[in-house]
Amino acid sequence: MEAIKPSHTATYDIEEVNDDYSPLQGHPAVTGGDPPKSRRRSLKGFCVIVGSVVFLVSLVALINVNQTEQEPSSATVTGAEAQNDKSSSSSSRNHKVSFLEPRGVAQGVSAKSNPALSEELSYNWTNAMFSWQRTAFHFQPQKNWMNDPDGPLYYKGWYHLFYQYNPDSAVWGNITWGHAVSSDLIHWLYLPFAMVPDHWYDINGVWTGSATILPDGQIVMLYTGSTNESVQVQNLAYPANLSDPLLLNWVKSEKNPVLVPPPGIGLKDFRDPTTAWIGPDGKWRITIGSKVNKTGISLVYTTTDFTSYELSDRYLHAVPGTGMWECVDFYPVAVNGSNGLETSVNGPGVKHVLKASLDDTKIDHYAVGTYFVGNDTWVPDNPNKDVGIGLRLDYGRYYASKTFYDQNKERRILWGWINETDTEADDLAKGWASVQTIPRSVLFDAKTGTNVLQWPVDEIESLRLSSSEFTDLVVEPGSVVPLDIGSATQLDIFVDFELESSGLREAVGNDITGCGGGAADKSEFGPFGLLALANDALSELTPIYFRHGKANTYFCVDEKRSSKANGIFKQVYGSQIPVLDDEKFSLRVLVDHSIVESFGQGGRRVITTRIYPTEAIYGAARLFVFNNATGATVKANLKIWQLNSAFIHPYDPLDQTE
């Protein structure tokens, strides 16, 4: 199509902003402010108030500590009780302050929600705001709590996604396996629960697990169960009817549990079995996450029948100081090639990715290395960037990821869990919590030789509607350019940036470190990028940007002004990113209401963002290009698609359109 220009090209100087959401220069203030003298007087009063609040909070904390033994239920309030508390006091806004242990920790898993400093809502949310936060094409249940993706597989024309789910509430607990299917990884259909906690070996939760498809077509599902004594054990399940493409019914083995924590491993430090792979000796292998003191480890077991196992006398891998490893993933990638590899592949031209979700930091780390099948060990290519101390799968809000091999299209597909950063009271009020990422294909980056590439599955293109294109858009230093694209809440954005001359790529000025303090932190050659989910006043915005220096380039997302709500985490995420000599600065961004997934340099680095706008929603959401550099003009080329909804809904056997 013919390239079009912005409908208006007025630019606005960017000025560093403060925490009270002062508008960028050239924009009218959203609300009036006091004159400077009044503001100084207010600051003095504010300090007095803050000091008083700190004293009161400390006093309440001391009281709570002293009352812990008398009030053990304070850390385990049920979803119904929390909902009642929220309903009865959201109008009065006078909830008591409480310091709750994050859900899940007491039962031996990672913190599944943020520690609540208050039972109040983080903002005076309206139903319209909550409705807008629900995504249009990311997978999430109709209601309630969701966390880790489980057992993904492709079978008889359907992609299957299982997931950790609480049927009773929008907070973690009573973990059951939800189940959904799709013919294209985008348009999902909800199915009945696959497994519920109903035996002594999983009565405290049907936790994370993985599927393995055997050569004879049988499917085995290994999953962690939390027993009636909160011991983590591994259990076996399989489909009741392999002729059913929907795999509606699952049978738990009479031999469960098939694995219990071995000597030297904590009873709550033994979870999340991987997909199995077969070695040249005909034995299947799985690895399970654990720790020894502060050393994160992955245990290896061999089996021939998935009911009896032998523990290897070596760890697959271990990294001191990384703590408990959850949701370990292990799979091969081709050094040169555009296809994914089946999990058991090994040999020349193959490297292996080892990934662990670190319980201590709530971050998914990975490294690329070599798997030695003779003794079932793995060695990273670069020990200085080992698992837990090097690369992350995603530098944003992302955890508990899992891959599977899609034999239908010969690719490896990755899912990750996007957890919330608001309060539990918010989640209970809106009635749901958490989203899954768009499925991503995973390949080895042959150009750098050091990392994987992640990219949204091609099927996302089926949602594309109208498009807009902007060519050779010049963005002067310290300016913002609005893009007239209509609705800006469901987008697929491609953009390339060039600095004003090739000589600037060497950036002879002072070098930069990291993402700075955010998008308002100026340097000679950046930041420059996009402002997503921004309002016209630019008092709410989410910048996705590059910062370029003489030694490194950084890829970043700044949440600090993404929402006017308090009580939620608003961080600056980012990473150093390789930009090779023959490459432009390239970015792809998927915007889906409250989720923004950003892919830098073809997916070398990915940042997932969960945000909570209060004003930049519905028709008020806008998209801008910005350049906050002090010494470089940026030229941008953009292609932007509006995206349709995936219309995720329950499965109807009478619906012939699926």
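Mentor: Start with a definition. A polar contact is a pair of N or O atoms within 3.5 Å, where one must be able to donate a hydrogen and the other to accept it. Keep in mind that this is a predicted model.

Trainee: What makes the approach of the Thr 135 side chain to the backbone oxygen of His 138 a polar contact?

Mentor: The side chain of Thr 135 reaches that oxygen at 3.2 Å. The cut-off is 3.5 Å, so the pair qualifies.

Trainee: Which side chain joins that of Thr 135 in a polar contact?

Mentor: The side chain of Gln 140, at 2.7 Å.

Trainee: Where does Thr 135 lie, and why is it called buried?

Mentor: Thr 135 lies in the loop between helix H3 (127–133) and strand S1 (144–155). Its relative accessibility is 12%. Buried means under 20%, so Thr 135 counts as buried.

Trainee: Which residues does Thr 135 contact, leaving aside neighbours within four places in sequence?

Mentor: Gln 140, Val 435, Asp 592, His 593, Ser 594 and Ile 595.

Trainee: How do you know that Cys 515 and Cys 556 form a disulfide?

Mentor: The test is a pair of cysteine sulfur atoms within 2.5 Å. Here the S to S distance is 2.1 Å, so the pair passes. A search of the whole structure finds one disulfide.

Trainee: What do Cys 515 and Cys 556 tie together?

Mentor: Cys 515 sits in the loop between strand S26 (490–499) and strand S27 (528–534). Cys 556 belongs to strand S29 (residues 553–558). The pair therefore links parts that are 41 residues apart in sequence.

Trainee: Why is this disulfide called left-handed?

Mentor: Because the torsion about the S-S bond of Cys 515 and Cys 556 is about -90°.

Trainee: Are Cys 515 and Cys 556 buried or exposed?

Mentor: Cys 515 has 10% relative accessibility, so it counts as buried. Cys 556 has 0%, so it counts as buried too. Cys 327, at 3%, is likewise buried.

Trainee: What makes a set of residues a nonpolar core?

Mentor: Its members are buried nonpolar residues, joined through side-chain atoms within 4.5 Å. The largest such core here has 63 residues. Among those that touch the most other members are Leu 483, Phe 497 and Leu 638. S26 gives the most to this core, with five residues. A second, separate core of 28 residues includes Ile 186, Ile 413, Ile 438 and Leu 463.

Trainee: Why do nonpolar side chains group like this?

Mentor: In soluble globular proteins, nonpolar side chains tend to be buried together.

Trainee: Why are S25 and S30 said to stand at the edges of their sheet?

Mentor: First, the sheet. Six strands form an open sheet in the order S25-S34-S27-S28-S29-S30, with antiparallel pairing. Strand S25 (479–482) and strand S30 (572–576) each have a single partner strand, so one side of each is left without a neighbour in the sheet. The twist averages 20° from one strand to the next.

Trainee: How do you know that S27 and S28 pair?

Mentor: Pairing needs at least two bridges. S27 and strand S28 (residues 542–548) have five, so they pair, and they run antiparallel.

Trainee: How many helices and strands does the protein have, and what share of residues is buried?

Mentor: Four helices and 36 strands. Buried residues make up 57% of the 658.

Definitions and conventions. Residues are numbered from 1 along each chain as its sequence is written. This is a predicted model: local features need pLDDT of at least 70, side-chain atom pairs count only at pLDDT 80 or more; totals for chains, interfaces and linings use all residues. Side-chain values use heavy atoms; hydrogens and water are left out. Helices (H or I, at least four residues) and strands (E, at least two) are DSSP runs, numbered from the N terminus. Buried means under 20% relative accessible area, exposed over 50%, partly exposed in between (1.4 Å probe, protein chains only). Contact means heavy atoms within 4.5 Å. Axes are lines fitted to C-alpha atoms, for helices over the stretch in contact, and angles run from 0 to 180 degrees between N-to-C directions.
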